[in-house]
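Please keep the viewer open as you read.

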Amino acid sequence: TWTPDSFVDETVAELKAKIGDDKVVLGLSGGVDSTVAAVLLHKAIGSNLHCIFVNNGLLRKNEFTDVLKQYEGMGLNVKGVDASARFLGELAGLSDPEAKRKAIGKVFIDVFDDEAHQIEDAKWLAQGTIYPDVIESVSVNGGPSATIKSHHNVGGLPDFMKLKVVEPLRMIFKDEVRRVGASMGIDKELLGRHPFPGPGLAIRILGDITAEKVRILQEVDAVFINGLKESGLYDKVWQAGAILLPVNSVGVMGDERTYEKVVALRAVESTDGMTADWVNLPYEFLQKTSNKIINNVKGVNRVVYDISSKPPATIEWE
Ligand code: XMP
């Protein structure tokens, strides 16, 4: 019978035999799959596993530094690369959702390839691909590997894609990945994280992206997500986040008329992201969250709640 412990023992033994003393490169995303894959490989080959964690400037508030610290605390050999400016530069002036995804995919590949080149004699590229990614072939949420699949069909392959591929999770499902992670002692909170799209906040800022808009959305998102956690609602929701709309609306503060941004909050229940229902969050929670956002986040004077299910609406707005 399958147990997380036996999976760990067998997989670590297999990885040792397969990889020997070779060096392996792995892109960490902060998500569950890449983290569990990294810890398994770390158990097998120690510091011959070279992890790269790229900050694209589109992560949640404080996410890059917090998660990097967490990775270091787990003993992983990880290099954090802050490429925010490069991503924002490439995104400047782009409004079309697919154009934004393409730009992000392109910069990610360039940055990752530069970093991979600095690891001399790397022989393997490890990925956190899980079974649903394998059967769908194009994963919705496969992090770096999915980005590469959909964005590097033209021109030559970057060098790191010529490495031999190792995917220790390719036969198991998400819930099993979480159990494997728990049996290796990975932090519960990390294992329970909501899915987060590879292009990050770029597809939650409708229209063009600026550093200021990213800052506003990070603040709003942090109020919402921390509120869900404090109210014990986070684990009851499959995915949640905030969307910055490309419209201003009129408001009033004291005697002053304001003309500021509108944000939408979205929380859904789902099992695989293919279909989703909006979550009936308590009015009291919505009321508190809305007040907190409007009182604390400069530049926002209106909050709305998205009550659309998928289909026909998608989870993300772009
Ligand atoms: P949609 O918006 O298609 O989202 O209902 C379904 C799931 O996929 C995530 N998503 C993405 N993940 N790159 C990703 O890695 C993307 O471009 C992307 N677009 C959507 C979304 O967050 C949800 O979990």
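## Strands, sheet and domains

Glutamate 269 faces aspartate 277 of strand E8. The pair belongs to an antiparallel pairing of E7 with strand E8 (residues 277-278), made over two bridges. Two strands count as paired if DSSP finds at least two bridges between them. Strands (E, at least two residues) and helices (H or I, at least four residues) are DSSP runs, numbered from the N terminus.

A word on the source: this is a predicted model, in which local features need pLDDT of at least 70, side-chain atom pairs count only at pLDDT 80 or more, and totals for chains, interfaces and linings use all residues. Residues are numbered from 1 along each chain as its sequence is written.

Let us stay with E7 for a moment. Strand E6 (residues 239-253) and strand E7 (residues 256-269) pair in the antiparallel sense over 12 bridges. Their hairpin has two residues between the strands, and glycine 254 takes a positive phi near 65° there. E7 also runs parallel to strand E9 (residues 300-305), joined by five bridges.

| Residue | Partner | Strand of the partner |
|---|---|---|
| lysine 261 | valine 300 | E9 |
| alanine 126 | valine 166 | E5 |

Now to the open sheet: which order do its five strands take? They run E3-E2-E1-E4-E5, with parallel pairing. Strand E3 (78-82) and strand E5 (164-166) each have a single partner strand, so they stand at the edges with one side left without a neighbour in the sheet. On average, neighbouring strands here are turned by 30° against each other, direction ignored. Axes are lines fitted to C-alpha atoms, for helices over the stretch in contact, and angles run from 0 to 180 degrees between N-to-C directions.

Helix H3 (residues 63-73) lies across strand E1 (23-28), strand E2 (49-55) and E3, and runs at about 170° to E3. Contact means that the C-beta atoms of two residues, placed from the backbone, lie within 7 Å.

Finally, the domains. The chain is divided into domain 1 (4-191) and domain 2 (204-305), with bounds from an automatic or database domain assignment. Their C-alpha centres lie 29 Å apart. Domain 1 gives 11 residues to the contact and domain 2 gives 10 residues.
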